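Me: I would like to go through this structure and ask what stands behind the words used for it. Please set each value against its definition.

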Amino acid sequence: MLYFARWKTILIWLVVLAGVVVAAPNLVSQERLAGLPDWLPKRQMTLGLDLQGGVHLLLEIDRDDIVEERLRTVESDVRQYLREAGIGYTGLVRSDTSVRVRIRDAGQLAAARTALQPLTAPVNSGLFGGGTVSEVAINEPETGVLNIGLTDSGIDYRMSSAVAQSVEVVRRRIDELGTTEPTIQRQGSNRVLVQVPGEADPQRVKDLIGQTARLSFRMVDTSIPVQEAINGRPPATSEVLQSVEGDQPYLVEIRELVSGESLTDSQAGFDQRTNEPIVTFRFDSRGAQAFGAATQQNVGRPFAIVLDNQVISAPVINEPILGGSGQISGSFTPQTANDLAILLRAGALPADLTVVEERAVGPGLGADSIAAGQFASIIGGLLVVVFMVVAYGQLGIIANIALVANVALIIAILTFLGATLTLPGIAGIILTMGMAVDSNVIIYERVKEERRQGRSLVQSLDAGFSRAMATVLDANMTTLIAAVILFYLGSGPVRGFAITLAIGIVTTVFTAFTLTRWLIAFWLRRAKPKEMPKGMVTLVPPDTKIGFMRWRKAAFGFSIVSSIAAIAMFFTMGLNYGIDFLGGSSIEVRAQSGAADVADVRNRLGSLQIGEVQVQEFGSESDLLVRIGSAEDDVTTQANVTAAQQELASDYEIRRVEVVGPTVSSELALAGTIGVLAAMAAMLVYIWLRFEWHFGLGAIASTLHDVILMIGFFVLFGIEFNLTSIAAILTIVGYSINDTVVVYDRVRENLRRYKKMPLIELLDLSMNQTLSRTVLTGITTLLALTALYLFGGEVIASFTLAMIIGIVVGTYSSIFIAGPMLVLFNLRPGALSLDDGNERGSTTEGAIDQRPGTA
């Protein structure tokens with residue numbers, strides 16, 4: 001296995017070179033990239049909002065609004081069709097999903113059905129929509145009454161159309177802002193996801209995409225004074241609307257002269273006479289004709305320009321406007337005039353969009369996050385590199401070369417795929433750096449074992465790579481399962497973490513069995529060593545004879561007591577749920593000068609009557625974290641956070657805002673629970689197929705033990721439990737299974753080799769054989785995570801701390817829980833040890849003595 005054909009060597013180094021070349025632009029600024037030749041790769045990774053700042057919004061279309069709008073149209077159509085057919089009716093009313101009408105003459109019922117038949121005509125639902133859909137169905141619930149109801153398929157069609165149209169309208173509006181690579185995409189059946197990187201004003205984005213922007217031109221009704229209409233009853237053909245400023249009411253005809261759908265262009269500008277900001281507009285030919293005819297017939301009368309049921313202005317028609325263009329004036333600033341022009345150009349939304357989740361990061365915090373992530377990555381990388389050299393000498397240098405290539409390949413793949421790198425994504429890369437070493441450690445430790453059995457160095461290296469392959473593949477496959485499930489069930493930064501972790505696993509397997517093997521083969525040919533290189537320090541001496549199984553009962557007792565205590569604390573004290581699960585708002589602010597005043601901020605926000613407010617120091621003395629409890633609905637939640645931001649804006653820099661409505665929080669809680677259960681189930685199936693049912697149940701039991709203790713850790717220390725906590729738990733699940741699989745793989749191998757060895761002694765033998773790998777992998781991973789915890793910033797400190805604790809718990813369970821579980825499940829029927837289960841102090845030694853030549 002240490003021989004490489006020339007074409008394999010070329011292919012391996014071409015892959016590595018391609019990775020380095022594609023990843024290299026990420027180390028250079030945009031200005032320097034612009035000066036390089038065009039044939040060189042210049043694409044850089046897309047940074048997430050938490051790294052470069054920006055706005056993340058999850059918008060929702062209310063199904064009831066779509067139904068109400070459609071029923072209003074159906075009611076109008078019923079009235080029109082029956083009048084045109086000369087059919088008398090009464091009692092035309094709307095209910096939840098239908099319109100009822102009573103036909104006065106029962107003899108005209110059939111004619112009424114025929115007249116209303118166009119309402120039931122099917123509509124084309126598109127190429128992928130399943131053909132045609134009937135939106136309306138007519139039935140006769142009682143004599144003389146027709147019920148015109150909306151079908152479920154029709155409502156679904158309208159919802160789908162509204163979401164698709166909203167995506168396009170929002171995209172046009174965001175594109176007008178000139179932002180870099182915004183993300184606007186459909187999510188689920190009734191939601192639109194909007195991410196605008198680099199945008200410093202989240203409120204402007206919300207205002208821009210939150211307005212329906214339904215524009216219409218209507219005549220002002222001057223038949224009666226507007227105050228009389230307010231105090232009494234307005235005419236049936238008119239309604240009272242307020243001005244945009246809310247200080248002047250208008251009596252406006254319901255009938256539209258021209259709708260905003262006829263607009264072909266709108267631009268912000270300045271009035272040449274007054275130099276005030278205005279918005280100019282131009283109609284298409286049909287709109288120009290209708291508008292010209294209406295202004296010809298109503299010279300001397302005022303008409304209203306209405307946007308979302310508010311009057312922008314109501315100028316008097318001094319002369320016919322026949323050119324198809326005009327202007328809108330009002331109390332505009334240059335920015336509001338430009339925003340209105342954008343809204344009108346982009347078109348109207350088919351329904352109101354409600355913000356159900358908001359996450360905004362200011363550019364200052366984004367720059368701090370990048371700096372912290374880079375520094376933590378450098379420190380973590382250096383610690384891992386130094387440790388490998390100390391532990392393995394020259395082989396450690398080879399492992400480090402493979403590690404650098406591994407990281408370059410991860411960055412190159414992220415860059416090539418256009419994946420978004422988030423702060424948890426950086427955590428995924430750092431974790432991968434620690435775990436990537438695991439593959440090399442497994443191989444090196446296996447080589448040492450083969451060498452101790454008397455094989456030559458070349459034979460030991462060849463056998464070590466060959467026999468370690470199955471272990472490495474099984475261990476990494478289980479972690480990959482966790483990463484895939486995390487990606488599909490997670491959202492936002494959690495998915496970024498899952499992507500980097502999954503890519504890192506794939507590149508780790510590649511570098512371990514191609515690049516590392518090639519480097520060792522090259523080293524053998526050049527250096528012609530006679531013996532395995534030794535490290536500066538031996539952390540785990542060879543020939544360990546620790547009787548782990550002697551402690552299994554004590555370990556079981558400790559774990560049972562700890563698990564019961566964790567469950568009891570969970571049900572009595574409860575988790576400190578973050579806004580991801582409870583809903584509400586979280587605002588990170590920094591004092592513009594001096595230290596932040598917690599009491600002052602708490603008092604100022606308390607006076608706003610926006611619900612429960614918590615204020616605490618966050619990081620430095622200038623930073624505060626403000627939490628606002630969830631309101632009864634998403635709209636109120638958004639209003640509360642807006643009020644808090646406005647109150648603090650004068651004295652504090654708004655660095656990060658997270659708003660999660662109660663609807664989304666319940667969904668996230670359910671998705672998180674399903675994610676953990678699905679990951680464990682998938683791993684159980686994989687291990688069951690690769691090993692035996694005893695191993696599968698043992699692995700799941702030890703993993704469930706880890707999850708319970710992790711939850712107990714969150715409860716005991718009051719650490720906030722949020723989406724990233726779910727990511728931490730799933731990662732630890734993957735790591736723990738990884739560790740367990742390495743032990744189980746050696747147990748399975750020894751079961752085949754020593755068919756008569758008592759199980760307890762065989763387990764002790766297997767754990768001693770893999771102890772060095774367990775310790776070394778744990779240390780490298782902890783070194784990387786400790787650097788991230790100390791230097792990665794406050795935002796992911798709790799996430800990293802949970803993973804550090806999880807690594808310790810996972811390592812403990814793979815030895816003291818997973819192994820003894822095989823005894824509990826009676827993996828090898830018969831005597832447990834040489835003296836029928838009464839373990840001696842030297843059972844491990846007895847097991848080792850049965851294998852001649854084995855150290």
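Reply: A start with pockets, then. On a 1 Å grid over the protein atoms alone, a pocket is an open set of points with protein on both sides within 12 Å along at least five of seven lines, while a cavity is a set of points where a 1.4 Å probe fits but cannot get out; lining residues have an atom within 4 Å of a point. Grid points are joined across faces, edges and corners, and a volume is the space filled by probe spheres set on the points. The model is a predicted one, in which local features need pLDDT of at least 70 and side-chain atom pairs count only at pLDDT 80 or more, whereas totals for chains, interfaces and linings use all residues. Residues are numbered from 1 along each chain as its sequence is written, and side-chain values use heavy atoms, with hydrogens and water left out.

Me: What lines the second largest pocket, and which residues lie nearest its centre?

Reply: The lining has 45 residues, and Glu69, Arg72, Thr73, Arg214 and Glu256 lie nearest the centre of the second largest pocket. Helices (H or I, at least four residues) and strands (E, at least two) are DSSP runs, numbered from the N terminus. Helix 4 (63-84) gives the largest share of this lining, with 12 residues.

Me: How many residues of the lining of the second largest pocket are nonpolar, polar and charged?

Reply: Ala, Val, Leu, Ile, Met, Phe, Trp, Tyr, Cys and Pro count as nonpolar, Asp, Glu, Lys and Arg as charged, and the others, Gly among them, as polar. Sorted this way, the lining of the second largest pocket has 20 charged, 13 nonpolar and 12 polar residues.

Me: How many cavities of 30 Å³ or more are there?

Reply: There are 4 cavities of 30 Å³ or more. The largest cavity contains about 130 Å³ of space, and its lining includes Glu445, Arg446, Asp745 and Arg773. Helix 13 (423-452) is among the helices that supply at least two residues of the lining, and helix 13 gives the most, 4 residues. By class, this lining has 6 charged, 3 polar and 3 nonpolar residues. The second largest cavity has a volume of about 90 Å³; its lining has 5 polar, 4 nonpolar and 1 charged residues.

Me: Is asparagine 275 buried or exposed, and what makes it so?

Reply: Asparagine 275 has 58% relative accessibility, and therefore counts as exposed. Asparagine 275 lies in the loop between strand 15 and strand 16 (277-283). Its phi is near 60 degrees, a positive value in a residue other than glycine.

Me: What makes the buried residues of helix 18 line one face?

Reply: In helix 18 (residues 598-606), the buried residues are Val598, Val601, Arg604 and Leu605. Seen down the axis, they fall within an arc of 135 degrees, so they line one face of the helix. The arc is that of the directions from the helix axis to the C-beta atoms.

Note on methods
Buried means under 20% relative accessible area, exposed over 50%, partly exposed in between (1.4 Å probe, protein chains only).
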